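Take a moment to look over the sequence and the fold. Then let us walk through a few places one by one.

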Amino acid sequence: MATPTVTKDIKPSKESLKTVPLPAPNGDFYEVTESLNAEELNLLKEVRAFMETNVAPIITKYWADDAFPFEVLPALRGLKIGGLGYHGYGCRGGSTLLDGFVQMEMARVDPSFSTFFGVHNGLAMGSVYLGGSEEQKQKWLPPMAGLETIGCFGLTEPLVGSGTGGGLTTTAKRDGDAWVLNGQKKWIGNAPWCDVSIIWARDVGDNQVKGFIVENKTTPGFSVEKIQNKIALRVVQNGLITMDNCRVPEENRLQADASFRDTAKVLRMTRAGVAWMATGCGMGAYEHALAYAQKRFQFGKPIGSFQLVQDLLAKMLGNVTASQCMVVRLSQMQDEGKLKDHHASLAKAFCTVRMRETVAWARELLGGNGILLDEQVARFFADAEALYSYEGTREMNTLIVGKAITGFSAFV
Ligand SMILES: Cc1cc2nc3c(=O)[nH]c(=O)nc-3n(C[C@H](O)[C@H](O)[C@H](O)COP(=O)(O)OP(=O)(O)OC[C@H]3O[C@@H](n4cnc5c(N)ncnc54)[C@H](O)[C@@H]3O)c2cc1C
């Protein structure tokens, strides 16, 4: 997307007296947004305007305060992007590719905001969309698409993270026309304030993992404690959920899900989304670092005129561009129905590694100011750590790829 040129903040020097306008920072070097059609591009522009107008000016304060900006929810609802990528049930529709671009665009301004949206739209709504019965989709998806009902996704536990596939300790026991849930879920994004939780628990009857829609505010025995003292994604409110004999009606069990394989279908989709977010996080850090390099003077010149600084910027742009090309193809494969777990895992692992490198170079470029929230880059630098570890660590995603390409499972 075209961005305005920047000439401000340049102090007079022989260099700048040439009055040539400087190129505006633009993290879309290969014009990947051109892969969208005109209608999709318009939506992306609306999302960019929303993020830059409503979120960018306030988000650093919320990050510092470890608080969620509820004040922007009405404007977000006005964008009508709830249920992006899903069809019917009041959802926005659109391609997976468009959904990916929206996640990148959000993360370009704030990785926390894109995570909040990804947890709701991807993990929570996706669980109902993929695993719900027709009645469940009719009931739950319209208010979730309207962002009137916000969801979270409870899979990880205090003692079980990477090993959730075989080791969930939260139990579900059938009791008449209801289920009784017991256990804890850790790290659950949006949980301290949202309305519904998708809880994954092991059925003590058949030992299979099943999904349940739990109403946070009205289910006795369901409580959430906010996780304090995070150094990343501080805008996202993460919770420790405790379920003490929570009774959930059978009609709230995800009817099309039979085992952890069905949980994995949701993760396959959302891991692709995290690869897009990581790309956006690197893009935002690169653009801020470039703007800084154009305005910061040392030795009487903009630091962007030094060869070693240009080296950092070119390496960052290479990472961002490689990630963009990868995720565009990933989403095209998803839209073509070809996406497998190992495709999403490779992109999640690759893009988060490249992002981590990029934000570190951006921080380095800002010198001491790189550790101050005021210059934005520090927020991307810190937030990247969470994106790197959640939705499957690099090691777990590498093992998924390794199994697919060698034919040997190296999982312990
Ligand atoms: C900010 C944030 C938000 C999150 N949001 C959610 C959410 O909304 N819902 C949810 O359910 N979860 C959420 N999570 C949890 C997240 O998915 C887990 O943190 C992640 O899966 C890793 O699990 P763990 O932290 O328990 O690490 P562990 O599984 O304890 O792993 C620790 C280290 O050991 C390595 N390791 C483990 N096993 C192996 C192995 N076999 N071989 C090699 N290395 C191995 C890991 O790669 C990692 O480096 C969130 C986490 C964070 C930090």
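Predicted model: local features only at pLDDT ≥ 70, side-chain atom pairs only at ≥ 80, totals over all residues.

Residues are numbered from 1 along each chain as its sequence is written, and side-chain values use heavy atoms, with hydrogens and water left out.

Start with the ligand. A residue is near it if one of the residue's heavy atoms lies within 4 Å. There are 17 residues around the ligand, and Phe-153, Thr-156, Ser-162, Thr-393 and Glu-395 come nearest. By class, this shell has 8 nonpolar, 7 polar and 2 charged residues. Here nonpolar covers Ala, Val, Leu, Ile, Met, Phe, Trp, Tyr, Cys and Pro; charged covers Asp, Glu, Lys and Arg; the others, Gly among them, are polar.

Where does the shell come from? Strand S3 (178–189), helix H10 (377–389) and helix H11 (394–406) each supply at least two of its residues. S3 gives the largest share, 3 residues. Helices (H or I, at least four residues) and strands (E, at least two) are DSSP runs, numbered from the N terminus.

Now look at polar contacts. These are pairs of N or O atoms within 3.5 Å; within protein, one must be able to donate a hydrogen and the other to accept it, and residues adjacent in sequence count only if both atoms are side-chain atoms. A backbone N or O atom of Phe-153 lies 2.8 Å from a ligand nitrogen. For Gly-189, a backbone N or O atom is 3.0 Å from a ligand oxygen. Thr-393 uses a polar side-chain atom, 2.6 Å from an oxygen of the ligand. The protein covers 66% of the 980 Å² of accessible area that the ligand has on its own. Such areas come from the Shrake-Rupley method with a 1.4 Å probe; for residues, only the protein chains shown count as cover.

Next, the aromatic rings. Rings of Phe, Tyr and Trp (its six-membered ring) pair if their centres lie within 6.5 Å; planes under 30 degrees apart count as stacked, over 60 as edge-to-face and the rest as tilted. By this rule there are 13 aromatic pairs. How do Phe-68 and Phe-70 pair? Their ring centres are 5.0 Å apart and their planes are at 65°, so the pair is edge-to-face. Phe-68 is buried, at 5% relative accessible area, whereas Phe-70 is partly exposed, at 42%. Buried means under 20%, exposed over 50%, and partly exposed in between (1.4 Å probe, protein chains only). Both Phe-68 and Phe-70 belong to one aromatic cluster, together with Phe-50, Phe-113, Phe-116 and Trp-193.

Finally, visit some single residues. Thr-279 lies in helix H7 (residues 260–295). Thr-279 is buried, with a relative accessible area of 2%. A polar atom of its side chain lies 2.8 Å from the backbone oxygen of Ala-275.

Two loop residues have a positive phi. Most residues other than glycine have a negative phi. Yet phi of Leu-233 is near 45°. Leu-233 sits in the loop between strand S6 (222–226) and strand S7 (238–249), and is buried at 4%. Gln-376 has a phi near 70°. Gln-376 is in the loop between H9 and H10, and is buried at 18%.
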